[in-house]
Amino acid sequence: MTLLDVRGLTVRTADGRTLVDDLSLTVDSGERLGLIGESGSGKSLTTLAILGLLPDGMTATGSVDLAGTQIVGATEKRLAAVRGRDAAVVFQEPLTALDPLMRVGRQIAEPLARRTCLKGAALREAVRGALTQVRLPEPERIARAFPHEISGGQRQRVALAMALACAPRLLIADEPTTALDVSVQAEMLDLIDSLVRERKMSVLFVSHDLAVVARVTDRALVMKDGRAVEEGAVHDLVRLPREEYTKALVASARRLESALDLRSAR
Amino acid sequence: MTPVLELENVALRHRGSTANVVEDVSLTVEAGHSLALVGESGAGKTTLLRLLLGLSRPTCGSVRFDGAGLSPRDRTRMRDFRRSVQCVFQDPYSSLDPRRRVGAIVAEPLRSLGLDTRATAAPKVAATLERVGLPADTADRYPHEFSGGQRQRIAIARATVCHPRVLLADEPVSALDVTTRVKVVDLIAELKQEQGLTLVMVSHDLSVVASLCERTAVLERGHIVEQGDTAQVLGAPTHPYTRRLIDSVPRLPA
């Protein structure tokens, strides 16, 4: 069953520049799609358009059907019902995604309370559960902490707990590990992978890094200058890229990786 | 041969803090043997780079340049040091003055070191900009007119215009897209080759380290846990932390 159906999505700025150009993609229930592109390719704008979160002055045309709701042109009220329940998002930079003046526990409690109508001790227990489930140690201490008091990896886990709090059917992850160290990144990717599997969620995973996308998704769409360049199974894209741009991307990634291999072979 | 830069049993503790940021670190940078400092955030990589640049002074231990200590009072020697050791920072958006033209930015080391006047600097700036692969009209434009990769080339031009012996680079390519990253890595490799530049690079990207540096030191929480030839350290790591770092690198499917 199709959960997300994007047809002919076009995003334009007020002065008429086209940033996303006639993009179409679908994500079925339980399916994972990677969105690959370099800076300026329009991949982040695409995720914002899917949630109806485009910045002021940008307009979307075309169709974004998310679990039966048409997002393009929908009212704020309509969108509020969709966000969190049908799709939730984890952004790249956890320090700016979290409210610096609010304790972590309260930030998770907010979406939880909206969905479950829990209060008081029961809500606190649910927050504890949400933190445990993203494998944060000492959930009580983390719940009482402010975002600046915990590490970058812990903040990103908190952001993931917030996104999962409403049990969304689609998880949108926009470069969720780019700001993290490599070993923390590996843990975070494993965590996303296992949580998504347990809950049979769909994933739209946005990244500029082919190797990272390959860890999480099986299918990927390559974007350049707002357009879809090529789509297919990640393995095929990496092994037999058809388009020039994909070839260049794969070649660059391979070049850097081979430096590591040569050294280890000696 | 005397190492160009040397840290001996260096520790640094910030005022008011009880713990050392780095502790008991000894490193040598020899001409022609580029060194990578590898580790995760908070490991003390940037602190070591600041010490090597003379921007912070160690709480104990010594920092030596050409075999002798550095003293900020000794103007002639500091000028010699600044001429020999230049740096490139991570973020090409905040490391270039947005209100100055690229020509003036790149000429800065030549003028502040008293090597050139405005008139004599211009041809050197033009040659350096051309060397790093930027178009001829670059000098008259402003940083905001350039992409991230081009800005990093401008930063590299600024650092190499006075022909230093050592280039200190703090995560020089991690803010760049992968295709741009490869090109900038190539550029740095060419400069190493042509100008006999020795690179000291902080990075968490092991593939970039393996492409550019002959030697690698691995830092964990302010201590060096392993150092040696890059092939040895990354190819046959002996410390579990190094092994964990290498295993964490996401790889493309075969």
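User: I would like to begin with a pair of residues: in E7(B), which residue is the bridge partner of B:Cys87?

Analyst: The partner of B:Cys87 in E7(B) is B:Leu168. A word on the model before we go on: it is predicted, so local features need pLDDT of at least 70, side-chain atom pairs count only at pLDDT 80 or more, and totals for chains, interfaces and linings use all residues. Residues are numbered from 1 along each chain as its sequence is written, while chains are lettered from A and ligands numbered from 1 in the order in which they are written.

User: How many bridges join E6(B) to strand E7 of chain B?

Analyst: In general, strands of a sheet pair through backbone hydrogen bonds, either parallel or antiparallel. Here strands are DSSP runs (E, at least two residues), as are helices (H or I, at least four), numbered from the N terminus. Two strands pair if DSSP finds at least two bridges between them. E6(B) and strand E7 (residues 166-170) of chain B are parallel and joined by four bridges.

User: In what order do the six strands of the chain B sheet stand?

Analyst: The order is E6-E7-E8-E3-E9-E10 in chain B, an open sheet with mixed pairing. Strand E6 (85-88) and strand E10 (223-229) of chain B each have a single partner strand, so one side of each is left without a neighbour in the sheet. On average, neighbouring strands are turned by 15° against each other, direction ignored; the axes are lines fitted to C-alpha atoms, for helices over the stretch in contact, with angles from 0 to 180 degrees between N-to-C directions.

User: Which residues of strand E3 of chain B lie on each side?

Analyst: In a regular strand the side chains alternate between the two faces of the sheet. In strand E3 (residues 35-38) of chain B, B:Leu35 and B:Leu37 are on one side, B:Ala36 and B:Val38 on the other, and all are buried. Buried means that 20 or more other C-beta atoms lie within 10 Å of the residue's own; exposed means 12 or fewer, partly exposed is in between, and C-beta atoms are placed from the backbone. E3(B) pairs in the parallel sense with strand E8 (residues 198-203) of chain B over four bridges, where B:Leu35 has B:Val200 as its partner. Four bridges also link E3(B) in parallel to strand E9 (residues 215-220) of chain B, with B:Ala36 opposite B:Thr216.

User: Let us turn to a helix. Which residues of H5(A) are buried?

Analyst: They are A:Val127, A:Ala130 and A:Leu131. Seen down the axis of H5(A), the buried residues fall within an arc of 95°, so they line one face of the helix; the arc is that of the directions from the helix axis to the C-beta atoms. The face turned away from the buried side of H5(A) carries the exposed residues A:Ala121, A:Ala122 and A:Glu125.

User: What covers the buried residues of H5(A)?

Analyst: The cover includes helix H4 (104-116), helix H6 (139-144) and helix H7 (152-164) of chain A. One contact set shows this region well: A:Ala161 touches A:Ile108, A:Ala130, A:Leu131 and A:Val134, not counting residues up to four places away in sequence. Contact means that two C-beta atoms, placed from the backbone, lie within 7 Å.

User: And how many residues does each chain bring to the contact between A and B?

Analyst: Chain A brings 31 residues and chain B brings 25 residues. The largest share of the chain A side, 12 residues, comes from H11(A).
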